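The following exercises concern a single protein chain. Each task is followed by a solution in steps.

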Amino acid sequence: MIVVGISRDDGRRIFSRPSAICVPRVARANAAVAMTGVKVLCDAQEAESVLARWLRDALDGLLPPAMGLDVEWVPRSDRPALLQLSTPSGQCALLRLCQFGEDEVPSLAALLREPRVLKAG
């Protein structure tokens, strides 16, 4: 499948990753969720649960130890607004980082720091 993301520069970018259609704007993402199973995570507790499971599964060999990522920023902000993560098995999560506190999702930091999980983006 093809992952489509929104870009400020050219309007659209196309990535050929085995994943579902991922649109980083919440309004469009809600429609994509019903069709593709993309998970929009706006709640820190739910994000922690999903990412802890992804990390555990990757380290246990249940998921390939690789992850695609993309970050979207709000103009004039020092924090990223949205993080898109996808696995080679087709899972995709959109994390609304602007709605989380810095330490509310420890599994995100653990996943990004884990040297056994390859990150590409």
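**Exercise 1.** How do the residues of the lining of the largest pocket divide into nonpolar, polar and charged?

*Solution.* The model is a predicted one, in which local features need pLDDT of at least 70 and side-chain atom pairs count only at pLDDT 80 or more, while totals for chains, interfaces and linings use all residues. Residues are numbered from 1 along each chain as its sequence is written, and side-chain values use heavy atoms, with hydrogens and water left out.

Step 1. Ala, Val, Leu, Ile, Met, Phe, Trp, Tyr, Cys and Pro count as nonpolar, Asp, Glu, Lys and Arg as charged, and the others, Gly among them, as polar. The lining therefore divides into 11 nonpolar, 1 polar and 4 charged residues.

**Exercise 2.** Which element gives the most to the lining of the largest pocket?

*Solution.* Step 1. Helices (H or I, at least four residues) and strands (E, at least two) are DSSP runs, numbered from the N terminus. The chain has 3 helices and 7 strands, in the order β-β-α-β-α-β-β-β-α-β.

Step 1. Two or more lining residues come from each of β4 (66-73), β5 (80-86) and α3 (106-113). With 5 residues, α3 gives the most.

**Exercise 3.** Determine how many disulfides the chain contains, and describe its cysteines Cys 42 and Cys 98.

*Solution.* Step 1. A disulfide is a pair of cysteine sulfur atoms within 2.5 Å. The count by this rule is 0.

Step 1. For Cys 42, the nearest cysteine sulfur is that of Cys 98, 8.1 Å away.

Step 2. Buried means under 20% relative accessible area, exposed over 50%, and partly exposed in between (1.4 Å probe, protein chains only). Cys 42 is partly exposed at 32%, and Cys 98 is partly exposed at 42%.

**Exercise 4.** Where is Gln 99 placed?

*Solution.* Step 1. Gln 99 lies in the loop between β6 (92-95) and α3.

Step 1. Its relative accessibility is 44%, so Gln 99 counts as partly exposed.

Step 2. Leu 82 is 17 residues away from Gln 99 in sequence and 9.3 Å away in space, C-alpha to C-alpha.
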